Amino acid sequence: MHHPVDANALNEALDQAAELLRPARKVAVLTGAGISAESGLATFRGSNGLWEGHRIEEVATPEAFRRDPVLVWRFYHLRRANLATVQPNPGHHALAALEQRLGAGFTLVTQNVDGLHQAAGSKNILEVHGAIRRVKCSGCLRVTDRGVAALPEMPRCAECDALERPDVVWFGEALPEAIWEQAVKAVLSCECFLVVGTSAVVYPAAGLIDLARTGGSAVIEVNVERSAASAQVDVLLLGPSGTVLPELVKRL
Ligand code: OAD
């Protein structure tokens, strides 16, 4: 079926978004799982948002790890193995190109733990939910980067022998303080804020959208459907980030 009206609406919205983005010298971006969907990674709250019948909130918590570390590690072993097989998509690459254009005025805040922004060449990245390639000792808190290589079923610390865990932020845990502070600063001082592929329901990350407004920034959203943030944005670009973001950057 043809939707010429929708195509026109997206075109007009892209023009409006480019008008807001073009003059901005300070730009901040918030990404969520949706930007990696076209790389083949499942989102958390999509139609396929369950993992073996568990909601994300049931596996990604400190309580779950205490109760059943084998189950939680099995979830992360699978996600790590999956990462070894995926590549960044044109949406990630478009954000790297935007950073090239803006230099130090560009900050990318990501809720993703997949490392695909780094793989696409983005530099100024604030990983507010941690990174799945890193492992943290639950005893001495030592952090090591293990890439995406396979790990033992229950990895133990080489220093203190305590059980290691993924170095990601779980529900109920605090975000890494210094990184979060940098994100808040970048969002408060930007002129244009781009929100891409997030349901905007997980706080405090979703609160950055309000903060951008408070700081006087324009807000542009890219999503395949309306999110919890859509009512507060200046321009909503309804479409997959892998095609919408390259289109947007091309118009600058
Ligand atoms: P969600 O799974 O909640 O939301 C993904 C969003 O991406 C949805 O709004 C989709 O409509 C949108 N989307 C899907 N495909 C897209 C595409 N091709 N282009 C653009 N948008 C698309 O993921 P997050 O918002 O990232 O936290 O979830 C936030 C946090 O909750 C995650 O960081 C994780 C999770 O539980 C922790 O693990 C702490």
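How many salt bridges are there between domain 1 and domain 2? Hi everyone, let me get to that in a moment. What you have here is a predicted model, where local features need pLDDT of at least 70, side-chain atom pairs count only at pLDDT 80 or more, and totals for chains, interfaces and linings use all residues. Residues are numbered from 1 along each chain as its sequence is written, and side-chain values use heavy atoms, with hydrogens and water left out.

Now, the domains. The assignment, which is an automatic or database one, gives domain 1 as 7-41 + 88-129 + 175-250 and domain 2 as 50-85 + 135-168. Their centres, taken over C-alpha atoms, are 28 Å apart.

Back to my question: the count is zero salt bridges, a salt bridge being a side-chain nitrogen of Lys or Arg within 4 Å of a carboxyl oxygen of Asp or Glu. Contact here means heavy atoms within 4.5 Å, and four residues of domain 1 touch four residues of domain 2 that way. About 360 Å² is buried between the two domains, with carbon and sulfur atoms giving 69% of that. Buried area is the accessible area (1.4 Å probe) that two parts lose on being put together, summed over both. On the domain 1 side, Leu 41, Val 113 and His 129 lose the most, together 75% of what that side buries.

Let's move to the ligand. Around the ligand sit 22 residues, and Phe 44, Arg 45, Thr 198, Ser 199 and Asn 223 come nearest; to be counted, a residue needs a heavy atom within 4 Å. From the backbone, a polar atom of Phe 44 is 2.7 Å from a ligand oxygen, and one of Gln 111 is 3.1 Å from a ligand oxygen. Thanks, everyone!

Conventions:
Polar contact = N/O pair within 3.5 Å; in protein donor to acceptor, adjacent residues only side chain to side chain.
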